[in-house]
Each structure stands twice: as C-alpha cells, then as structure tokens.
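Dear colleague,

I am passing on the two-chain model we spoke about, with notes on what turned up when I went through it.

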Amino acid sequence: MIMLTNNKVDRSQLMPVLWEIQRKKRHIGHDDITKIAKEFNLSRMEVEGVVTFYHFFHRKDCGKYTIYLNNSIISKHAGMDDIQVAFEKEIGVPMGHVSYDKMFGLYETACIGLSDQEPACLINFKPFTNLTPEKVKNIIFRLKNGEKPIDFYDKPKTNIRYTPTKERTVFFKPYKNFSSLDYIRKHKPEALIDLVKESHLAGRGGAFFPTGLKWQFARQNKSDVKYIICNADEGEPGTFKDRVLMQEHPELMIEGMILAAYAVGATKGAIYLRAEYRYLKDDIEKVLTNYRKHNLLGDNIAALEPFDFDIYIHLGGGAYICGEETALINSMEGYRGEAGTKEYFPVEKGFKGKPTVVNNVETLCAVPRIIEMGVEKWLELGTEKTPGTKIFSVSGDCEKPGIYEIEWGMKVRELLSLIGAKDPYYILFNGYAGNCLATIDFDRELSGEGILSAAVNIDPQNKLEYKQKMVGIGVKSGGSFMVFNRNKEILKIIKNVCNFFVEESCGVCVPCRTGNFLLNKKLDKIIAEKANKNDLIEIREWSHVIQSNSRCGLGIMSSNALINTMDKFPTIFENRVAANNGVDKSFNLDEATAKYDEILDNIETDYE
Amino acid sequence: MNKLINLTLDGKKVQAEEGKNLIDVAKDNGIEIPTLCYYKKSKPLATCRICTVNINGRNTTGCTVKVEEGIDVKINTPELFENRKAIIEMLYAEGNHFCPSCEKSGNCDMQNLGYKMAITNTRYPHVFRNKKVDFTPHRMIMESNRCILCKRCVEEIKTKDGKSVFSFVKRGINTRVQIDYKEERKLTEDEAIRAMSICPVGAILVKGISDGKPFGERKYDFLNQNVHTSLKNKKIELEDGEKFIVATTSLAGCFGCHMSLLDIDTDLIDMLEIVEFNKSPLTDIKKFSKQCHVGLIEGGCANDENVHVLREFRRKCDILISFGECAIMGGIPAMRNFVPLQECLEEAYLNGPTSELGADIIPAHEDIPKLLDNVYPCNEVVKIDYYIPGCPPNAQHIWKVVKSILLGEEIPIAHEEFKYD
C-alpha cells in the first residue's frame with residue numbers, strides 16, 4: 001500500500017493512505033493513526049494534525065453513505081433548507097450527525113462546483129443535482145434498498161451556454177487529440193516559452209501571474225527533478241469552469257502539462273484534484289493511460305529534445321486553502337494544507353524542495369489551443385492586455401446558469417443579457433474572495449484594460465467620477481459570476497461569505513484566523529440591529545488589519561466582498577445601525593440575565 | 001562571507017551581507033523589528049505577522065526576507081506600528097491572557113511587546129473560547145488559552161529520533177497545539193525546560209518548575225523607558241475654588257485596585273488639594289450628588305446590579321476609566337465564562353463539598369442581584385475612555401493617569417509602574 005523510496009517512506013503518500021482508510025472504514029480511528037504514524041515514522045499527533053485539518057477526513061464514523069450538502073448562498077437560494085429538512089427526515093438525525101444504524105451521515109460542505117444545478121449534494125463523492133424533497137426521498141429509499149450511489153448518480157451537466165463564433169472560440173470546440181504535441185517535435189523548449197510569453201497568457205486561477213514568465217523562472221532554476229502541478233482544486237464558491245473543462249477536454253489539460261514539462265524541463269507531474277471532483281478521476285485516468293499508450297507520457301517522449309514525464313492524480317481532502325499554491329504543495333507533501341511562509345516561490349523551491357510550476361486547469365488548457373490556432377490568431381481575440389477568451393461560471397438569478405466562454409472586452413451588461421439575468425442588482429464577481437458589482441458597474445468592461453492601481457480608491461457614491469475612471473473590471477478573476485436580484489437579502493449573502501472564511505481559514509496566522517471570526521461577530525451585530533456607527537468604522541479598520549498582515553491570499557482577500565458591499569450599498573448597513581449614545585447596544589441586560597431566570601425557574605419547578 | 005550590499009532601513013543607508021535575514025540586519029544596525037515567532041535563524045515561521053515591514057511599497061514579514069541590493073525597508077512607520085499593535089491586541093483578545101495568574105508573567109515576550117507599545121486594553125471583544133488545558137502529559141502542561149500558535153515548539157522540539165512532540169491539530173479558529181503523550185515522555189528534563197523557555201507566552205509549562213524570581217528581577221521588569229498615555233480629552237476647566245470631582249466604584253472586583261489607589265501614600269495629600277470625592281467606597285458616599293469629572297471603575301460586570309451601577313457612572317461621569325484587569329477584561333471573575341452558568345450555581349449551592357446532602361435551594365430573592373450569563377468587561381457594556389492595566393495597577397500609574405486627565409497634560413509613566421500583573 002505504501003510506496004517506498006530508498007527504503008524511506010515517502011510522506012507525500014500520507015494523503016492517499018488516509019483516503020484509503022477513510023473510504024473503507026468510513027473514519028480514521030485511533031488505532032489507524034497509530035499504525036500510520038509508525039509506518040511513516042511520525043508522531044501520532046502529527047498524523048492527527050493532518051487528519052483533523054481536512055474536512056473530508058473523519059475521526060468518527062461518518063456513515064456508510066456520507067452525504068455532503070452544499071451550503072453556499074447559491075444553494076441556499078435554490079432551496080437548500082428544504083433539502084436539508086428532507087434529508088434529516090429521511091435519515092432521522094439532524095445535520096452533522098450519523099444515523100443510528102450508521103448507514104447515513106449528513107454534513108454541510110462548502111461549494112461543490114455545481115452552482116448551475118443546485119441544490120446539489122455529494123453522496124460518497126458521487127453528485128446528485130437539482131434536488132427536490134421528493135428526489136431526496138427517492139435517493140434514500142434506493143440506497144436503503146441496496147443500490148449504490150454509483151448506480152444512479154447524476155452526471156453533472158456541462159451547461160455550456162455560450163461560445164463565440166467557431167473561429168473565435170478557444171476552449172469549447174472539438175479538438176484533435178495529440179495535435180499540439182507536434183509542436184515540440186519541431187521546436188526547442190525556449191521557443192515554447194517565448195510563444196507563451198508572446199501570448200500574454202496569465203494564471204487563470206485568479207492571480208493572473210504571467211504564465212510564460214513562471215515557466216521561464218522554473219526553466220532557469222537548475223535541478224535534477226522539476227514538477228508540473230495542475231491546480232484542479234477549484235474551491236472558489238460559484239466556480240465550476242475547471243470541472244467542465246475536465247469533463248469536456250481533459251486531453252487539453254494533459255497536453256498543457258506535457259507542454260509545460262517540455263518547456264521547463266520537468267519530469268514529474270501531478271493533478272491536484274479536489275475531493276469534490278473525485279467522480280472525474282477515473283475518466284482522467286483513462287485519458288492518461290491513452291497518452292501513455294501513445295508514448296506521449298512516460299519515458300522518452302518524442303520531441304526535438306526527447307524527455308521523460310508522467311502524471312499522477314493527487315486527491316485533495318476538502319480545504320479551500322489548498323487552492324493557494326503553497327498550501328497545495330504542503331498538502332501534496334502530506335502536511336497540513338497551511339499556506340507557506342513565502343520565503344521562496346514554488347518555481348525556486350516547491351514540491352519536495354524542487355522547482356515547481358503550479359498552473360490552473362484553464363491556463364494549461366489554453367496552451368495547446370494557442371499552438372493550434374497560432375499565437376497571431378489568439379492575439380486578435382479579446383483585448384490588447386488580455387487577449388483570448390475567458391470562461392465564466394455563471395449562477396444565481398438568471399435563466400441560463402452555466403458556462404460562458406466570452407472574449408475579453410465584453411461589457412458586464414452584455415454578459416447579463418446573455419445569461420438572461422432577471423433584474424440583476426448585486427453580483428459577486430470572482431467568488432467569495434472577489435468583489436461585488438452593482439448597477440453602477442454594468443457598463444464596465446470584462447478585461448484588463450484601463451485598470452487603476454489598487455492604491456487608487458474611487459468612492460462609488462461619486463457616480464460620475466466612478467463611471468469615468470473605473471473602466472476595466474480587472475482580470476483578477478477565476479471566473480465566478482454569481483448574480484442576485486433585488487429580492488435577495490444582501491446581508492445574508494455577505495453573512496454566508498463571512499461564515500465561509502471563518503470555516504476555511506487554515507489557522508496559521510492570527511489576522512485571518514481570529515480577524516475573520518471577529519468580523520463575522522460584527523456582522524451578526526449589524527444584522528441583529530445592535531451595531532452603532534462606530535462598528536462600521538471598526539469593520540473597515542479591522543479588515544485593513546486582516547488584509548495587510550495575513551500570510552496568504554485567503555486572508556488578504558477575505559474581507560473584499562464585505563468592504564466592497566459597504567462601499568456600494570452603504571444604506572443597507574446604515575439602516576441597521578442605531579445612534580451611539582454612550583450605551584453599547586450590543587449588550588442587552590434582559591438577554592444577559594435570561595439564563596439565570598431560566599435556571600432558577602427550573603430548580604423551583606416540582607415535576608410531580 | 002557573502003558580498004556586501006546596500007539597503008535602506010527607515011531612511012538610513014546601511015550595508016549588509018547579501019542574503020542575510022532582515023531581522024538580524026536590522027538588529028545589527030540598532031533597529032529592533034519586534035517578533036514573537038522568529039527564533040531559529042535557519043527557518044523563519046512567519047506565523048505571528050508582527051514583524052510585518054514594508055519593502056519597496058509592499059507589506060511582507062521581515063523574517064522571511066533575505067536582504068538584496070537596493071531594497072528600501074520601512075519598519076517603524078506609524079501605519080506599520082499601528083498594524084503591529086492591532087495584531088498583538090488581537091492575540092490578547094483571542095486567548096485568555098490574564099497576566100496576574102500566569103507563571104510566565106514578567107518573562108513573557110508578548111507581555112513585553114504589550115508594554116513597549118503601551119497597550120492598555122484590546123480594541124477587540126474578548127473571544128472567551130474555552131480551549132483545552134492539558135495536564136495529561138508526563139512532564140508538561142499545555143495551556144491552549146494562552147497559546148498564540150507561533151509554531152516555535154512545533155518546529156523546534158523534536159525527540160532524538162526526529163519525531164514531533166508538539167503538533168497543530170484542527171484548523172481555523174479551532175487550531176491548537178497538542179502534545180503527543182508518547183513522544184513527550186522521551187524528552188529529558190532539559191529539553192522540556194527548553195520547550196517552556198522558547199514559548200513566547202505561558203502556554204507551555206513544566207510541572208514543578210517555576211521561574212521563581214520575585215517581582216522586579218524578572219526578564220522584562222526594568223527596561224528604562226517610559227510609557228505615555230495619550231490624552232483624548234480636552235483640559236478640564238475649573239472655576240475658582242472648585243475642585244475636580246471624582247467618583248469610584250468596585251463592581252465584580254476584590255477592592256484590590258482601591259487598596260492600590262490608597263498606596264500613593266503622601267501623594268494623597270496632594271490629591272486631596274485638587275480632588276473632591278463624590279460617590280465612592282473611600283468616602284462611603286452611596287449616591288451621586290452631582291455630575292463628576294472622572295469616574296474610576298474597578299471590576300467587570302457579573303450581575304445586573306453591576307450593570308446598573310456602571311450605566312449610572314456613565315451618565316454621571318464625563319470621563320470613565322477602567323482600572324485593573326477585571327474592569328478591562330473580566331479578570332478572575334471571568335474565569336467562569338468557560339463554565340455554563342448552571343454548573344457554576346450548582347457547584348456553589350448544590351453539589352459543592354460544603355453543601356449539605358440533598359441541598360436543593362439556590363438563594364433567590366428580588367434583592368439578590370441576578371447573575372449575568374457571562375462576566376463582561378466594562379467596555380462591552382458602556383463606552384470607556386481610558387484604561388489602567390494591572391492587578392492591581394501600580395499606585396503611581398493610577399495617580400499619574402488621573403492627574404494627566406485632570407490637568408490636561410501628559411505625565412510619562414515609568415516602565416516599572418506600567419504592569420499587567
């Protein structure tokens with residue numbers, strides 16, 4: 001079961017081992033941890049630390065059938081509460097518990113990448129979409145009758161709603177397998193890097209670091225082993241483009257990795273697949289096998305400079321933070337998925353201390369397409385700074401939720417009409433870590449043109465200036481586009497966002513760990529109408545502390561949506577705020593003494 | 001030796017070896033970058049975030065920076081200083097850092113940073129999460145309520161066969177350090193004491209070992225620097241012959257702070273020259289007879305009477321001061337915040353060793369104040385203007401702050417007068 005390298009156990013095998021035990025025993029018990037610790041030559045508690053970090057590893061039995069119900073705001077709006085009630089009724093225990101016969105366990109989980117077909121859940125990591133209470137009843141009935149989730153799960157729809165005309169489409173059009181790999185038979189790695197640099201391709205996970213530059217750095221760093229990691233840990237709520245890409249075009253992703261390996265001189269590759277997408281694993285494995293059969297993976301791959309390269313799939317454990325590249329690397333190495341210290345870039349010291357390129361699925365898929373269409377053609381698409389197309393994952397209040405491949409440069413308003421948005425009022429752009437868009441932003445352009453530096457802050461209340469200066473909407477987007485209409489309560493949406501960050505903070509640095517917890521409390525105070533004006537000021541100040549001191553992107557971005565919403569919808573907050581007359585409204589004497597009265601009442605009650 | 005490069009530290013041009021750690025370079029040049037996690041030179045941990053500096057316009061932790069040619073480092077700008085203060089205050093709010101009861105008090109790195117930055121209270125509400133206090137290990141005690149998760153022990157303390165003794169478990173707000181009992185037994189006494197000494201706070205303790213040094217001789221007792229209270233109010237104008245009116249009270253406190261107030265000895269005479277006491281246990285005046293300039297509050301709010309008194313003080317006093325740890329953060333009475341109220345009452349009246357068999361009465365009468373669900377620091381109930389920390393606060397500290405406020409001039413407080421314990 002455990003792979004040995006030089007007679008030493010390879011710690012990067014820890015997660016696969018934990019998965020194996022979790023799958024078979026439905027939990028990872030005390031004795032299992034003791035055995036694993038011995039096998040890996042670790043202390044028990046160190047293994048315990050890894051197990052308790054990940055959402056999908058359980059220390060107690062999580063039921064023969066483990067149900068994970070998505071608790072994102074999209075799912076809530078689609079009727080998650082009714083579905084939860086239905087599940088609770090059918091299995092007889094509340095959320096977070098396991099049924100008495102240990103048959104079912106019911107848990108909440110963060111977005112599972114099915115926002116266009118909510119409410120949805122995973123049962124033993126097989127998806128069930130568009131749930132209704134009747135459907136839930138039926139599912140539990142069938143499981144009780146001995147059917148398995150694999151027999152009747154819903155294969156997620158790809159819902160590709162829009163692509164540009166055929167010549168201008170990049171991703172979602174037929175692809176002839178292996179065709180991009182002809183390129184490496186004729187060109188040197190340096191030429192490939194130049195090509196990618198010329199294309200201005202940038203990291204599509206959301207950070208938009210120039211891909212060509214990343215590859216070049218990795219190439220320059222000399223090492224015996226280098227790694228290419230495909231980041232398929234698509235955890236940003238509302239994003240599901242990588243799932244659809246892997247469903248439709250896994251070959252593009254794999255060819256992208258092969259090209260990247262050739263460019264930087266890497267010999268090993270891994271796909272960090274989020275556990276929520278485990279149902280895609282077998283299909284991807286099949287494609288990998290096919291590439292191996294054609295000698296396009298494995299030893300001595302045909303190229304101008306022949307090379308060795310192979311890919312394996314590493315399954316995540318349920319942690320949003322692992323989409324951050326240093327956390328992802330820690331996780332792959334068998335450590336807790338905490339963000340790294342940022343002392344080195346992964347291209348210097350990454351996986352196992354070797355130069356590592358971590359690229360998003362969409363980025364890697366773009367490379368074979370750029371080769372296929374030629375870089376000149378690619379540069380014609382989109383805008384000057386952001387050429388090409390971008391995939392948006394659209395969900396929420398619209399007629400046609402799903403995948404939209406659009407050319408950069410489209411106006412927000414155009415996209416809204418494409419998706420059939422009904423009375424759009426509030427948009428969460430780039431997921432929970434992104435910002436919010438209001439009506440004032442609808443004439444802005446989805447591109448990297450005319451972006452002001454982050455230091456420039458224009459008050460959205462100053463409408464004229466804002467409209468003139470805020471032209472581009474920014475490229476820092478993983479492509480999540482959640483639309484809400486006027487009937488949705490914005491504070492509830494924001495509350496869901498804040499809950500998410502409290503849940504998903506890795507806990508390694510205090511601004512993010514406790515800062516988000518405290519911000520969440522403040523938001524509760526506002527919702528309960530107990531806040532005063534000073535609380536609004538403090539939210540901004542505290543958020544600044546979190547943003548300027550957190551270790552990684554999670555903390556830095558965590559309060560974006562909240563602050564942005566306060567800027568664009570100030571009245572929502574002000575309406576809930578009372579005047580400060582020296583008495584802190586949040587302290588309510590009656591509430592504070594209620595418990596005491598209740599206890600005394602209980603003690604005085606005679607039950608006979 | 002690596003080649004020398006040029007860099008700027010807070011506007012000062014200096015030379016340093018290329019690739020050397022920024023914290024060390026700054027130290028060599030007489031600038032201290034405060035940190036709670038940077039320990040071993042070879043591996044920065046970057047967990048505490050206090051050493052955050054600004055390099056060429058970008059914020060980054062100083063401990064992860066290796067100096068390069070031409071970098072422009074800003075260390076002590078007002079914004080960065082404020083950031084650091086905010087982080088330390090967040091650490092105070094997150095845990096249960098009650099210095100008077102802590103074995104590490106006086107030798108605690110975090111406490112020292114608190115002194116240096118003149119932190120009198122935390123701007124954040126106390127989290128009061130009941131974290132585990134683990135007495136099970138053979139030699140050590142892990143008090144997670146004090147742990148700031150700096151990771152020093154996790155990285156530094158290993159057994160001879162290279163296994164971790166301390167590990168992070170769980171995640172997010174629930175993250176804590178857990179000792180591996182089996183590995184902990186392998187540590188020698190010296191290694192255990194080392195674990196205790198590298199802990200920047202008092203989270204790791206070794207059973208039977210205490211530092212044992214008296215007040216005044218501990219690591220951070222004398223640093224030869226003054227602490228300044230920044231005044232927030234205007235000078236109080238008096239009419240001829242009028243004195244400053246001061247009121248004091250003790251809520252859920254032990255009257256120790258009032259005792260300390262009397263410790264100002266001969267200064268009492270000076271005080272009475274300018275101050276007239278109104279409602280106060282010192283004068284035994286029970287009711288306010290006029291509006292007061294300053295109110296001094298000892299103790300937090302444990303019952304409804306405390307809340308009424310505190311609110312009355314807020315109304316009757318122009319400036320309100322919390323003095324002593326109980327008023328500032330709940331103190332000893334707030335230890336019950338970790339125990340459900342029902343359990344507290346049952347332990348006191350029904351199940352405790354001194355209650356009679358079959359006792360079934362919890363005293364209740366309309367004249368007995370009702371207990372609150374938790375003990376609240378005063379600033380969570382009303383607005384508080386100033387804080388004087390200490391348990392009890394040093395007499396001179398109290399008097400200097402009160403005098404500063406009354407006279408409208410800042411009087412520096414000596415380091416040894418500014419204490420949390």
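This is a predicted model: local features need pLDDT of at least 70, side-chain atom pairs count only at pLDDT 80 or more; totals for chains, interfaces and linings use all residues.

Strand E15 of chain A, residues 424–429, is largely enclosed by the rest of the structure, because five of its six residues are buried. E15(A) runs antiparallel to strand E17 of chain A (residues 480–485), to which five bridges join it, and in this pairing Phe429(A) stands opposite Phe481(A). E15(A) is also joined, again in the antiparallel sense, to strand E16 of chain A (residues 435–437), here by three bridges, and Leu428(A) has Cys436(A) as its bridge partner in E16(A). The hairpin of E15(A) and E16(A) has five residues between the strands, and Asn430(A) takes a positive phi near 70 degrees there.

Strand E14 of chain A, residues 402–407, is likewise largely enclosed by the rest of the structure, since six of its six residues are buried. Two strands pair with E14(A), and they may be taken in turn. Strand E7 of chain A (residues 160–162) pairs with E14(A) in the parallel sense over two bridges, and Ile160(A) stands opposite Ile403(A) in E14(A). Strand E13 of chain A (residues 389–396), by contrast, runs antiparallel to E14(A) and is joined to it by six bridges, with Thr389(A) standing opposite Glu407(A). The link from E13(A) to E14(A) is a hairpin through five residues.

Turning to the helices of chain A, helix H11 (residues 241–248) is mostly covered, with six of its eight residues buried. The buried residues of H11(A) are Lys241(A), Asp242(A), Arg243(A), Val244(A), Leu245(A) and Met246(A), and you will see that Lys241(A), Asp242(A) and Arg243(A) are listed among them.

How do helices H10 and H12 of chain A cross? The axes of H10(A) (residues 211–220) and H12(A) (residues 250–264) come within 8 Å and cross at roughly 45 degrees, and the two helices are therefore oblique to each other. On the side of H10(A), Trp215(A), Ala218(A) and Arg219(A) meet Ala260(A), Ala263(A) and Val264(A) of H12(A). This contact of H10(A) with H12(A) has, by class, five nonpolar residues, no polar residues and one charged residue.

On the scale of domains, the assignment for chain A gives domain 1 (4–53), domain 2 (65–152), domain 3 (174–376) and domain 4 (420–574). The C-alpha centres of domain 3 and domain 4 of chain A lie 31 Å apart, and 17 residues of domain 3 of chain A are in contact with 20 residues of domain 4 of chain A. The side of domain 3 of chain A that touches domain 4 of chain A divides into seven nonpolar, six polar and four charged residues.

Chain B, for its part, is divided into domain 1 (4–76), domain 2 (102–206) and domain 3, which is made up of 226–337 + 367–417. Between the centres of domain 1 and domain 3 of chain B, taken over C-alpha atoms, there are 42 Å. Chain B also holds an open sheet of five strands in the order E2-E1-E5-E3-E4, with mixed pairing. Its edge strands are E2 (12–17) and E4 (58–61) of chain B, each of which pairs on one side only. Strand E1 of chain B (residues 4–9) and E2(B) run antiparallel and are joined by six bridges, Thr8(B) having Lys13(B) as its bridge partner in E2(B).

Finally, there is the contact of the two chains, in which 45 residues of chain A are in contact with 50 residues of chain B. Helices H3 (44–53), H19 (490–504), H20 (510–527), H21 (533–549) and H25 (589–604) of chain A each supply at least two residues of the side of chain A that touches chain B. By class, that side of chain A has 20 nonpolar, 12 polar and 13 charged residues.

One residue of chain B to look at here is Val169(B), which lies in strand E8 of chain B (residues 166–169).

With best wishes

Methods:
Residues are numbered from 1 along each chain as its sequence is written. Chains are lettered from A and ligands numbered from 1 in the order in which they are written. Axes are lines fitted to C-alpha atoms, for helices over the stretch in contact, and angles run from 0 to 180 degrees between N-to-C directions. Helices (H or I, at least four residues) and strands (E, at least two) are DSSP runs, numbered from the N terminus. Angles under 35 degrees count as roughly parallel, over 145 as roughly antiparallel, 65 to 115 as roughly perpendicular and the rest as oblique. Two residues are in contact if their C-beta atoms, placed from the backbone, lie within 7 Å. Ala, Val, Leu, Ile, Met, Phe, Trp, Tyr, Cys and Pro count as nonpolar, Asp, Glu, Lys and Arg as charged, and the others, Gly among them, as polar. Domain bounds come from an automatic or database domain assignment. A residue is buried if 20 or more other C-beta atoms lie within 10 Å of its own, exposed if 12 or fewer, and partly exposed in between; C-beta atoms are placed from the backbone. Two strands pair if DSSP finds at least two bridges between them.
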